[in-house]
Amino acid sequence: MDSHDYILEGVRVVDLSTFVTGGFCSLMLANQGADVVKVERPDVGDDIRHSGPPFVDGESPYYWTVNYDKRSVELDLKSDAGKAALFDLVSEADVFIQNFRPGTAERLGVDYDAVTEVCDDIVYCDISAFGATGPWRERPGYDLLVQGLSGIMSVTGEKERSPVKVGLPQTDLITGMWAAFGIVSALYRRERTGDGEYMDLGMLDATLPWLTKQAGKVFAGEETGRMGTKDPVLAPYQTFRTKDSHLNVACLNQKLWKEFCHAIDRPDLPEDARFETNADRVDAMDELEAEIESTLTERTTDEWMDVLVEAGVPAGPVQDVADALDNEQTEAREMVRTMDAGDRDVDEIPVVEHPLKFKHAASGFRSPPPKLGEHTREVFGELGYSDDDIDRLAGESVEPAEANED
């Protein structure tokens with residue numbers, strides 16, 4: 001489809017955020033066609049550019065994964081010229097994103113009140129670790145801290161062992177998704193009312209709704225804890241050892257439980273009083289695991305997959321990341337591809353596409369992550385700046401404003 005078929009075509013986003021929370025948010029908007037202008041510190045840029053190793057052509061591939069389809073400009077926000085240029089950019093924007101610690105935006109003069117002086121219908125997204133109110137509002141916060149504070153680490157890992165962090169920046173990504181959802185909601189409201197919006201989003205707040213079944217146990221007065229791959233309310237719903245590796249089995253109801261037992265030739269298990277209902281199986285998880293693994297360890301994971309897929313039982317191997325990114329299903333869904341690398345020493349860079357596939361609208365990334373300041377002249381030229389005006393914007397590097405995630 002042509003670019004005009006993108007849902008957010010014509011929406012301009014000014015993104016002052018660093019690292020992942022704001023970056024993943026604006027990435028989601030860019031995937032739907034928004035023009036995202038990434039405002040970065042002169043000479044240094046977003047710190048995620050330097051997160052590594054590994055590095056490719058001096059850049060972190062981690063940076064790539066949250067910055068496709070954006071345009072980068074360098075501005076010194078502590079200079080009068082840089083501040084004025086930012087407000088010229090904001091005057092034609094629809095969305096403003098920042099993830100400074102509370103108080104930093106005010107010190108820089110880019111808080112909501114200041115921004116609405118030049119664009120009164122802006123959708124302003126203020127991301128911080130703990131939100132703009134409450135006794136923790138001024139504390140710094142990062143994914144690791146929020147994983148611990150939110151209860152995630154208390155239910156991740158093996159029983160009787162130390163708490164474990166989820167192996168990806170989960171609370172950063174959760175926050176970024178909430179931010180994108182909130183921005184699109186506010187843009188829809190603006191279409192109906194003409195009014196802009198201010199959105200206060202804390203990482204801890206963003207994470208708590210994802211506790212779902214663990215929160216449900218607390219609401220029922222029960223304790224939660226680390227269970228390895230076992231599930232607190234379903235069984236069997238976990239990882240089992242096979243002859244050569246591991247296999248995930250997910251029986252969400254009685255029908256699947258019986259079909260699973262039939263497929264592995266264990267008709268005795270549904271007749272066993274210990275495992276008759278899901279509640280029984282949850283109460284007897286350790287015994288259930290022993291019974292199932294005594295059978296599954298007789299064959300390899302591939303052999304069991306042939307059997308279980310044929311039987312229609314939800315099951316799957318535990319793949320490593322390389323296998324997850326390169327298999328027949330991701331290839332069929334065009335989830336991973338390459339694009340021209342632009343002004344880099346490599347010809348192509350990989351892209352993990354976002355999963356939304358619309359019937360009547362386009363989606364997907366169109367351009368590589370920007371080099372630092374790559375679009376400064378282009379963006380400000382569009383605003384009517386002369387080459388001399390743009391030259392005057394060049395300033396000394398400044399100390400990073402403190403963000404609230406990693």
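## A buried arginine and its partner

At 12% relative accessibility, Arg71 counts as buried, a label for residues under 20% relative accessible area, with exposed meaning over 50% and partly exposed in between (1.4 Å probe, protein chains only). The model is predicted: local features need pLDDT of at least 70, side-chain atom pairs count only at pLDDT 80 or more, and totals for chains, interfaces and linings use all residues. Residues are numbered from 1 along each chain as its sequence is written, and side-chain values use heavy atoms, with hydrogens and water left out.

Arg71 forms a salt bridge with Glu378, and their closest N and O atoms are 2.6 Å apart. The term salt bridge refers to a side-chain nitrogen of Lys or Arg within 4 Å of a carboxyl oxygen of Asp or Glu. This pair joins distant parts of the chain, since Arg71 belongs to strand β3 (residues 70-74) and Glu378 to helix α16 (residues 376-382), 307 residues apart. Helices (H or I, at least four residues) and strands (E, at least two) are DSSP runs, numbered from the N terminus. Glu378 counts as partly exposed because its relative accessibility is 40%.

## Further salt bridges

The whole structure contains 32 salt bridges. One of them links Glu40 to Arg49, with the closest N and O atoms 2.7 Å apart; Glu40 and Arg49 are both buried.

Another salt bridge brings together the side chains of Lys213 and Asp231 (2.7 Å, N to O). Lys213 lies in helix α9 (residues 212-219) and Asp231 in the loop between α9 and β7 (237-241), so the pair ties together parts that are 18 residues apart in sequence. Lys213 is partly exposed at 29% relative accessibility, whereas Asp231 is buried at 6%.

## Asp94 and its surroundings

Asp94 is located in the loop between α3 (80-90) and β4 (95-98), and it counts as buried because its relative accessibility is 14%. Its side chain makes a polar contact with the side chain of Arg190 (2.7 Å). A polar contact is a pair of N or O atoms within 3.5 Å; within protein, one must be able to donate a hydrogen and the other to accept it, and residues adjacent in sequence count only if both atoms are side-chain atoms. A polar atom of the Asp94 side chain also lies 2.8 Å from the backbone nitrogen of Arg12.

## The largest nonpolar core

A nonpolar core is a set of buried Ala, Val, Leu, Ile, Met, Phe, Trp, Tyr and Cys residues joined through side-chain atoms within 4.5 Å. The largest one has 29 residues, among which Val14, Leu16, Leu75, Leu86, Phe96 and Phe380 touch the most other members. Elements that give two or more residues to this core include β2 (35-40), α3 and α16, and α3 gives the most, with five residues.

## A three-stranded sheet

Three strands form an open sheet in the order β7-β8-β9, with antiparallel pairing. Two strands pair if DSSP finds at least two bridges between them. Because β7 and β9 (315-317) stand at the edges with a single partner strand each, one side of each is left without a neighbour in the sheet. Between β7 and strand β8 (residues 246-250), the antiparallel pairing runs over five bridges; Gln238 stands opposite Val249 in β8.
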